Amino acid sequence: MSVSLSDERYSEISEALKDVVDPELGVNIVDLGLIYDLAWDTENDALIISMTLTSAGCPLTDVIEEETAVALDGHAERFRINWVWMPPWGPEKITDDGREMMRAIGFAI
């Protein structure tokens, strides 16, 4: 069974996940809008990260999973990524900060 995180815990985890950078775009997964939900699996005592990728065929999921483990060190002992494909990711999901970061590295957005 999964339960929602408190607002404080959600913010803590989101901030930690900003250290995970999409290897193709060079912007963190939070500001890219790739994180759809954060919850807690009470049966397995683990964080559930529901997220997507910019494309379903992304070959770099292992890199993202490894960076996520490093970013969550000290925040969650166990986590599971629930890969979500619907709704599909689109540039409208990028935060204002993410848009600024993308412009700074040369993307026209």
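Contact, for today, means heavy atoms within 4.5 Å. Hi everyone! This is a predicted model, so local features need pLDDT of at least 70 and side-chain atom pairs count only at pLDDT 80 or more, while totals for chains, interfaces and linings use all residues. Residues are numbered from 1 along each chain as its sequence is written, and side-chain values use heavy atoms, with hydrogens and water left out.

Let's start with Leu 47. What is Leu 47 in contact with, leaving aside its neighbours within four places in sequence? The list includes Leu 5, Ile 13, Trp 40, Leu 72 and Phe 79.

Leu 47 also belongs to the largest nonpolar core, which has 27 residues. Such a core is a set of buried Ala, Val, Leu, Ile, Met, Phe, Trp, Tyr and Cys residues joined through side-chain atoms within 4.5 Å. Buried means under 20% relative accessible area, exposed over 50%, and partly exposed in between, using a 1.4 Å probe and protein chains only. Among the members touching the most others are Leu 17, Ile 29 and Leu 47. Helix H1 (7–17) and strand S3 (46–51) are among the elements giving two or more residues to this core. Helices (H or I, at least four residues) and strands (E, at least two) are DSSP runs, numbered from the N terminus.

Now look at Ser 14, in helix H1. Ser 14 counts as buried, because its relative accessibility is 15%. Beyond its neighbours within four places in sequence, Ser 14 is in contact with Val 30 and Leu 38.

Finally, Trp 83 is partly exposed, at 23% relative accessible area, and Trp 85 is partly exposed too, at 36%.
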